[in-house]
Amino acid sequence: MAQIAAERYTGASIKRSEDPRILTGGGRYVDDIKLPGMLHAAFVRSPLPHARVAAVDVTAAQALPGVVAVLTGADLAAITIPGPDPLLAMMGGGGPMPEYSLLATDKVRFVGDPVAVVIADSRYLAEDGCDLVEVSYEDLPPVASAAVALDAGSTPLFANLGDNIVGPHKRNEFGDVAGTFAAADRVSEFRIDVHRHQNVPMEGRACVASHDAGSGVLTVYAATQSVHVTRLGVAMRLGIEPDKVRVLAGDIGGSFGLKIGASREELAVAAASRALGRPVKWVEDRGENLTASGQAREESFDVRAAVSDDGDLLGLDVKVVVDTGAYPVMGTMVPSIMEAMLPGPYKLGALGFESMAVATNKASYVAYRGPWASETFVRERVLDLLASDLGLDPVAIRLRNAAPRTDPPATMITGRPLVGVTTTESLERVAELVDFPAFRRRQADLRARGRYLGIGLATFIEAAPGPRSSDEPQGPMALESMRLRLENDGIVTLFTGQMPHGQSHQTTLAQIAADEFGVPFEQVRVVVGDSDVVPFGLTGGSRSATMTGGVALHGARQLKVKVLDFASHLMEASARDLEITDGKVLVRGDPASAITVEEVARQAATGQFAADVDTNLAVEATFDGGEGGWSGGTHCAIIEVDVETGLVNVERYVAVEDCGALINPAVVEGQIRGGVAQGIGAVLLERSAYDEDGNYQSATFMDYLLPTACDIPRIEIEHLETVPLDADVNFRGVGEGGMIVAPPTMVSAIEDALAPFGVRIYEQHLPPARILELIEAAGRG
Amino acid sequence: MPDITVSVNGAARTGSVEARKTLADFLREDLDLTGTHVGCEHGVCGACTVIVDGRPTRSCLMLAVQAAGSEVTTIEGLAPDGTLGALQQAMWDSHSFQCGFCTPGFVMQATAFLSAHPDADEQQIREALSGNICRCTGYQSIIDGVLLAAERGRQG
Amino acid sequence: MKLPYFEYEAPATVAEAVELLTKHQDEASVLAGGQSLIPLLALRLARPAMVIDINGLDELSGVSVTDGRVAIGAMTRDYAAEESDAVADAVPLLAAALPFIGHEAIRSRGTIGGSLAHADPAAELPAVALALDAEFVVRSQSGDRVIPAGEWFEGYLTTARSADEILVEVRFPAAARGTGVCFQEVARRHGDFAIVGLAASLTVAGSSITDARLAFAGVSDVPVRAADAEQLLVGQAPSADLFAAAATRATADLDPPADLHGSPDYRRKVAAALVRRGLQAAADNADERQ
C-alpha cells in the first residue's frame, strides 16, 4: 500500500478559491460576455402544443430597424446536418431516434417549440422582431399525456414512427420472478406516479457563438457540463471538423443535468453566427427555461410486490411508462438505469421490469439530478406501504430487508455488487439520532390535541461512481484523464475536463493535488473550460470525487516522481531520498538542503541539461475509478401538516450519509443540502404543469414555485466513512443523493402524519390542496 | 433616447437609454457592471437585487430612467478596492455559495437588511432572505454567513 | 423577456399627470411602484402605448391624520407605511397586512395607491381597504371625487377609476378603542400572493362585539366582504362557536376560482379556517386595545 501523503488540506473545509470573485460580482457567466459586433438572438416559439406549420412570414420582422436576420427552421436545415441530440448520440440511447430539425419546420410539437430565430442589435429589438413574425398554424389533436400517447389512435408526433411509442417496450427478468410471486405469502399491487418537474438552475441556457471566417474556427462560449460534448455536438450538426470548434466556459450558474451537449437553440445560434459572420448571443429567459428547456421525472409505475408475512420483500415486478415529451433525449435512457438500480441495497431476490417511453406534446424529458431517482421513490414507498399493511415499523422493515455487509459483498439481482454499502449502519444511526419512541409519544399527544406530526425516512444508494465491474461497457465516462504540469513559476496546474457549475472543483482538486505533491494549496491552479486545452471530461453522475479526485491524486504523485527525478540532478541526491514538503524539495532529514519547487521548475526550463534528463515536468494521468463504490445513506424528516390548510412545515431533517472519505466537508454538505432542498421542493412546491389540452401552466416563477429560505430547515448531517475500498482513493460522489432520497423521505413523513385519516400516498407532489383532497378521499373511501 | 445620469457606487454614470430599459440591463450592458444578475425578469428570484437610496430593490422592476437622481449601490460597490467587506468575508468563511449566480442578489439584500437589523435572529434573517432564490445550497450556508457577519459585527 | 416599446412621460405635477391621462385615456398605463406593472410589461402581457411615470409626484406621498381618518397619499411606499406610527396606531389592520406584501425589496418600491389601483384580488391591500370601508380619492380635470371601497373594486384588475382619473389618496377610518385585528393568509410560500387571505377586525365593548369586519383576498375576481357573517357577529359575545358559525356563513356563498394552487372547494375550506382563526386572534387582540 502506497504511503498516503500527510493530509493537510484533504478532509478539511478549505475556503473556496472560487469565492473572492463570486462574492464581489467578478464571476464571468455567459451573459457577461461582450464581443465586438455581437448580435442578440430571440426565438419565435409555438403557442400551440401540436400543430402543422403552414407558413412562416418573416418580412415584417426583417424590416424592423435593428433586426439583422430572421432564420426559419427551413433556413437552418439548409445550413446544418440533421441528427439526434448530441448527448443521446454519445450515450447511445435505445430505440428509434427521431431526427428533428433545430427549429420546427413542418410541425410544432410542444408549447415553446422554437419556430424561428430573430437576430438583432439587442435582445429588446430581437423580441420586437419576434412579435412581428407571423406563423400560420393548423391545429392538430394534442397528445397531452402518456395515456393519450399510449392510445394507438393518438396523432403521431413523428411521422416516421407511426405511433407515439419512442422507447422500446422491453421486459427483463432477474431471478425466478414467476416462482417468487407464486410462492409468496402475499402479493401487493400499487400504482405510483411521479410528477413532471424540472432543473431550474438560476442561470438558464446561454451561449455566445462567434465564427471567425479567417481561421474557420467557431468559438462557442457555453454554459455546459462538458466543453467537449458541446464541441462534438456543434461540430456534428454544423458539419465542421471538431478541431475547428472551440468551446469555452467560465462560471456557470448551475445546471443539475440540463446543460449537457448542445440544445437545439444553441445549435441554431451557432449556425446563425457562422451564416452571418458575426458573434451571436442567446440567453434564455426564465419563461423559455421553464417552458422549453426541458423537464423531468414524469413516470408512472405499476408495481407488484411479492412479500412474506414477516415483511421480506421477495420480489418486485414493475412496469414503467416514461413521458418523454416531444423530442426524446434522456427519457429513453432512464428506464435501463432504473432497472439496474431497483433492487437498491436490499436482498431482493427477483425482479421483473418492463418499460416504455412515450412521446407527448410537452417539453423534452431531460436529465435532472439523479435521473433514475424514481426507482428509489418507488422502492421506498413500497416498503412503507408494506410496513403499514403488515404492522411493521418502517425502520425495522428496512433493516430486515437490507443486504448485509458480507465478504464477498452481496450482489444486486441485476448484477452489481453492493461493496461497501452501509445501509444498515445508516439506518441504525438515524434511529439513534432521532429518538423514534419519544417522537411517537409526542406525536400521540399532539394528535389528541388536533395537531398532526409525522416522521418518515428513506434509504438509498447511488453509483458514485459505482462498483468496479468487468461487465460494464467501457464508454467515455469509464476513464478520467488529467494533465498535470509544474509551471516555470512553481505553480502546479491541473487541466481537467471537469466543468464545475457549483461543485467547487477548483478548490477540491487543488486540495488533493497540494497534499499529494507537497505544495501549499495556493500553489495549485485548476484549469477548466477550454476544449483546446483540457482533456475530455464531463461533470455529472456524481463521479468526479472518485474519478477526478483519484486522477488528481495519482497524477500528482506521478508528477512528483518526475520532479524528484529531475531534482535529483540538481541536488546530487538520489530521487529516493528526496521529498517535497510545503513547496520545497529537500533531502529527507536535511532541511538545509531545501530549494523551492519554483527554483526546480525554473531550472528545468533553462535547457541546460543533458538529453537524457527529462525536464518536461508534466504528466498525462488517467484513472479508472479504482475500486469505485457506492454512496448512500438514510434520511429522516419530521414534519407537521396543518390539516385545515394542507400546509406542511418541516420541523427537522436528518441525513446520515456515507460517501467514504470527504475531500472538503463543507462542499459535501452543501451538495447534500442543495439536493435535499430540491427534493423538498419537488414534493411541496414544484410542478411542470400541462393542462389536458397541452397548454403549459408553469411558465413563470409565480407558478413554478421554488423553495425559499423559509421552506428548507437546518439539515443535520452526519457522515459515516466506510472502511476504505481503495488504498488511496476513497472519495465518493454525493452530487445526486440528496435529490434522490429526499422525496420519499418527505412523502413518508406526510403519510405518517396523515395516518389517522387512513391516507396512503402513491404520488410525489403534495401541494396543500392535494393534501386536503387525500384526507377527504380517505374519509369517504 | 433620453440621456440619464445615475449615481452608481458613488460615481456619476451617464447613459443614453430607451425608457423601457430596466435598471438591471442598464447596469449590466451600459455600465458593464455585470455583477448584478438577471434570473427571472419578473421580480421573484431576487438575483437582480441592488440598493437604491438605501433600500434593497429589484433592479429588474425599475426602469433605468427611474434611477436618475438616485444613489445606486451594486455588488461591485461593496468592495471597490478588492478587500472583502465583513459580510462577504463571513460568507466566504461559511461556504455560503456554490454556483454563485444568486450571490450578488443575496449579498445586497443581506447588506441592506443587516444594516437596518444588526441584531436579527435566524428566523428574521430567513424571512428577510426569502425573496431571494438559491437553487444550489438549500440556504443553510447562506444563513450561517449572515449570522456570522452579524455576530462579528456585534463583537466589534 | 424584455419590455415592449412604449412612449414615456414623467409628469412633475399631478395636474400634468391628469392632463396626460385625459389625452391618452386607456392607451396609457400609470407607473407607480412598478412591482405589478413592470412584470406585466416584461412578460409582454401589457402593451400600453404610453407609460406615465408618477414617481416624481412627491405631493402624493405621505400619511396624515385628520378627523379620525388616516389619509395616505397614493405614492406612499409600502415600507414607509410600515414604518408609519400613524398607521400603526390608527389603522392596525393595514399595519398587520403590510408585512405580507411580497418581500422587503417589493415594499421598497411598491405603493399603497398602486396596489389598490391595480386591484389584484389576491393582494393584501384590496381586502384591507374593503374591510375598512376605505375611501378612494381620484382626480380628473373636473376635480376630485371620492369613491367608497364598496364601489371601487369592479372586476378582475378593474376599478371604478376612469381612464382620465388618477388615484391621489386613500383614506382609512381610525380604529375605535377596543378594536382587535388579524390579517392572515394561506400562501404557498412566505411572501407569495394569497391563495386565500383574510382581513379581520373586531371591536369589542364589554363582552359584546360592536363592530365586525371580514374581507377575503383570493376567493373571487375582486376582494369579497363577508357582510352576512359580520352581521351574525355584531351584538354577540366572542366565542369559538360563534366564530365557527361566522365561518360557515362567510364561506357559504363563496364561488372561488380554480387554478394551479387550489380548487374552489379547497379555497372555501381554507377560507373557513381563516375566519375561525382570524376572529379568535382579533378577539384576543381586542382585549389589548381596551
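1. In this predicted model, the domain assignment divides chain C into domain 1 (7–53), domain 2 (58–172) and domain 3 (179–288). The C-alpha centres of domain 1 of chain C and domain 2 of chain C are 18 Å apart. Contact between these two domains involves 13 residues from domain 1 of chain C and 20 residues from domain 2 of chain C.

2. On the side of domain 1 of chain C that touches domain 2 of chain C, helix 1 (residues 14–24) of chain C gives the most, with five residues. By residue class, the side of domain 1 of chain C that touches domain 2 of chain C comprises six nonpolar, six polar and one charged.

3. Between chains A and C, 20 residues of chain A are in contact with 17 residues of chain C. Helix 5 (123–132) and helix 21 (768–780) of chain A each supply at least two residues of the side of chain A that touches chain C. Helix 5 of chain A accounts for the largest share of that side, four residues. The residues of the side of chain A that touches chain C fall into eight nonpolar, five polar and seven charged.

4. The largest nonpolar core holds 416 residues, and those touching the most other members are Ala116(A), Val118(A), Cys207(A), Ala513(A), Ile750(A), Leu93(C) and Val275(C). Helix 17 (residues 544–571) of chain A gives the most to this core, with 12 residues.

5. Which residues is Leu93(C) in contact with, leaving aside its neighbours within four places in sequence? They are Val128(C), Ala131(C), Leu132(C), Val181(C), Phe183(C), Ala199(C) and Ser201(C).

6. In chain B, strand 3 (residues 49–52) is covered on both faces. Thr49(B) and Ile51(B) are buried on one side, and Val50(B) and Val52(B) are buried on the other.

7. Strand 3 of chain B runs antiparallel to strand 4 (residues 55–58) of chain B, and four bridges join them.

Technical notes:
Residues numbered from 1 in each chain as written. Chains lettered and ligands numbered in written order. Predicted model: local features only at pLDDT ≥ 70, side-chain atom pairs only at ≥ 80, totals over all residues. Buried ≥ 20, exposed ≤ 12 C-beta atoms within 10 Å, placed from the backbone. Pairing = 2+ DSSP bridges. Core = buried A, V, L, I, M, F, W, Y, C linked by C-beta atoms within 7 Å. Contact = placed C-beta atoms within 7 Å. Nonpolar A, V, L, I, M, F, W, Y, C, P; charged D, E, K, R; others polar. Domains from an automatic or database assignment.
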